[in-house]
Amino acid sequence: MAISSMRSSLPPLLCLCISFFAIVGADDPYRFFNWNVTYGTIYPLGLPQQGILINGQFPGPDIHSVTNDNIIINVFNSLDEPFLLSWNGIQQRRNSYEDGVYGTTCPIPPGKNFTYILQMKDQIGSFYYFPSLGFHKAAGGFGGIRILSRPRIPVPFPDPAGDYTVLIGDWYQANHTTLRAQLDNGSMLPLPDGILINGRGPNRTAPFNVEQGKTYRLRISNVGLQSSLNFRIQGHRLKVVEVEGTHSLQTEFSSLDIHVGQSYSVLVTADQPAQDFYIVVSSRFTTPILTTTAILRYANSAGSVQGPPPGGPTIQIDWSLNQARAIRTNLTASGPRPNPQGSYHYGLINTTKTIVLSNSAGLVNGKQRYAVNSVSFIPADTPLKVADFFKIGGVFRVGSISEWPNGAGIYEDTSVMGADYRAFVEIVFQNNEDLIQSWHLDGYSFFVVGMDGGQWTSNSRNQYNLRDAIARCTTQVYPKSWTAIYVALDNVGMWNLRSEFWARQYLGQQFYLRVYTPSTSLRDEYPIPKNALLCGRATGRRTRPL
């Protein structure tokens, strides 16, 4: 693990850390990183193109941490345009200012730096980071995040012999600036050009080395732009053990659907003869099917891979739906704390509100846009959370998106939905389109209580799983189908709820959930960071009084 000494920037960061002690507590360890974000030439599909590198790496460096660690990342923007990093699945407890999306955080200007102060508060598991602005995600800038359990917290499986980060995703040969221009001009993007494993195309990824008889953990994240992907290893079973911070029932599959934005941990036992085996990743629900391969290599391998790469599911929705329903929470396992995950009886709590969200596509002023409950999100001139802190009027309006579909045509607005702190809400994602959707909520983990085809009605609750539904932060919604989640709104802040289909997110399929309390106590929410960048209508203001 690369932990920088932060040579030149350490003194000001120490000041930041010292001022932060009173908030996060001095007993939790600090880990320091120094990242330089640059352009560089990369060859993911064998041809040169411009990529976004972190410390010269594509993908970027992993973040290794332990529950409650404080992660201090000094990010220097050496690009020629503003830049932000966001932390998919990291909940930023009481601190949405650090979330790294434009609704919460001012961009880092070219040639400038910003220091993120994150805490892995009460979390374990496998996640990733990515650039959130300007369609930068299509150029790289992403990497893995792993949060290990504290030493005295039991983990429901033996320590693996090895622990690999596996970043999979679809990829375009075109530069992100070209793709962004297409979207800005109102055009839809074509099918991606290929699939990558850890930043490399077919047979270009370094082998994953194993020893016969040993078990390995693979932390797999779909960091792509739109494609649901199926992951499989020739001749080996995949035992799912963790889903976005939740220990799951240890169910084995021959292959695993991982929808865009999602993360899983699987255990793979090297129980085959010592040779090479295909690792295969292929797209789901696309025509044509995109496929890439890598190699699982046994020590003292007796030979190269045998036969063709194993086939997998292609357009079968029922197969994927049944697999999703089989992935459930391990109720007896400990999470980030010693108490069992099943000690929180979400199914016995009465919901205080039902929100139904319907995605749609259409034209606005002759250009392609996407919407939630008819509203296509447009960014304000000032990050919403910053404007909220300084009480700057006219930036956004709470209630600018309805809580149920209204059947109206698509229109543009800076959509913000209000919600009360400590409410327990039911959110239904209704997908009336022919494309699979993937939804992510920053700041939270939610229970995926149900999913099925057709229209959701109140009678759909009769099939909810109210006992051991998986808790995660990104969920799929199948074509012409619905997915329902329960979420306890126990994290004050301004939280992005978005499509992980990145062109749709860029063209408006997102909004912000403002979880509000009138309390000003640090127990409920931290103040704006002293080092916060200020932009738009907040320019020139002070984060603390003189």
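Asp442 is buried, with a relative accessible area of 2%, where buried denotes under 20% relative accessible area, exposed over 50% and partly exposed the range in between (1.4 Å probe, protein chains only). The model is predicted, so that local features need pLDDT of at least 70 and side-chain atom pairs count only at pLDDT 80 or more, whereas totals for chains, interfaces and linings use all residues. Residues are numbered from 1 along each chain as its sequence is written, and side-chain values use heavy atoms, with hydrogens and water left out.

The side chain of Asp442 meets that of Arg498 in a salt bridge at 3.0 Å, N to O, a salt bridge being a side-chain nitrogen of Lys or Arg within 4 Å of a carboxyl oxygen of Asp or Glu. Because Asp442 lies in the loop between strands E27 (437–441) and E28 and Arg498 in strand E32 (residues 493–499), the pair ties together parts that are 56 residues apart in sequence; Arg498 counts as buried, at 1% relative accessibility. Helices (H or I, at least four residues) and strands (E, at least two) are DSSP runs, numbered from the N terminus.

By this rule the salt bridges number 26. One of them joins Lys385 to Glu525, with the closest N and O atoms 2.6 Å apart; Lys385 belongs to helix H4 (residues 384–390) and Glu525 to the segment after strand E33 (510–516), 140 residues apart, and both residues are buried. Arg461 forms a salt bridge with Glu426, the closest N and O atoms being 2.7 Å apart. Here Arg461 is partly exposed at 32% relative accessibility, whereas Glu426 is buried at 0%.
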